[in-house]
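Student: I would like to learn how to read strand pairing and helix packing in a model. Where do we begin?

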Amino acid sequence: MKYRTLKPQQFLDEFYPDSGIGIRTVYNWLDRGLLTFVLTPTGKRLVVIDEYVLSLTARTDL
């Protein structure tokens, strides 16, 4: 499976543009285990995105 990682702000910009959701909300989702993440060697968190799941759930009728 293909995975990619995004910084929390990139995650917001790609999946929730103009929604009003703040960066702190994404960090809360990471802390609660609602989003999968990896730690960089410097301790920063990156959101893990599974491209396969996205392709299955993508809407094609729009």
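Tutor: Two strands pair if DSSP finds at least two bridges between them. This is a predicted model. Here S2 and strand S3 (residues 45–50) meet that criterion, with 3 bridges in the antiparallel sense. In this pairing, Val-38 lies opposite Leu-46 in S3.

Student: What is the order of the strands in the open sheet?

Tutor: The 3 strands are ordered S1-S3-S2, and the pairing is antiparallel. Strand S1 (3–6) and strand S2 (37–39) are the edge strands, each pairing on one side only. From one strand to the next, the twist averages 35°.

Student: Which strands does H1 touch where it packs on the sheet?

Tutor: Contact means heavy atoms within 4.5 Å. H1 touches S1 and S3, and its direction makes about 110° with that of S1. H2 also packs on the sheet, touching S2 and S3, and the direction of H2 makes about 75° with that of S3.

Student: At what angle do the axes of H1 and H2 cross?

Tutor: Angles of 65 to 115 degrees count as roughly perpendicular. The axes of helix H1 (residues 8–15) and helix H2 (residues 23–32) cross at roughly 105° and come within 9 Å. H1 is therefore roughly perpendicular to H2.

Student: Which residues in H1 and H2 meet?

Tutor: From H1 come Pro-8, Gln-9, Phe-11 and Leu-12; from H2 come Ile-23, Val-26, Tyr-27 and Trp-29. By class, the residues of this contact of H1 with H2 are 7 nonpolar and 1 polar, with no charged residue.

Conventions: Residues numbered from 1 in each chain as written. Predicted model: local features only at pLDDT ≥ 70, side-chain atom pairs only at ≥ 80, totals over all residues. Heavy atoms only, no water. Axes fitted to C-alpha atoms, helices over the stretch in contact; angles between N-to-C directions. Helix = DSSP H or I, 4+ residues; strand = E, 2+ residues; numbered from the N terminus. Parallel < 35°, antiparallel > 145°, perpendicular 65-115°, else oblique. Nonpolar A, V, L, I, M, F, W, Y, C, P; charged D, E, K, R; others polar.
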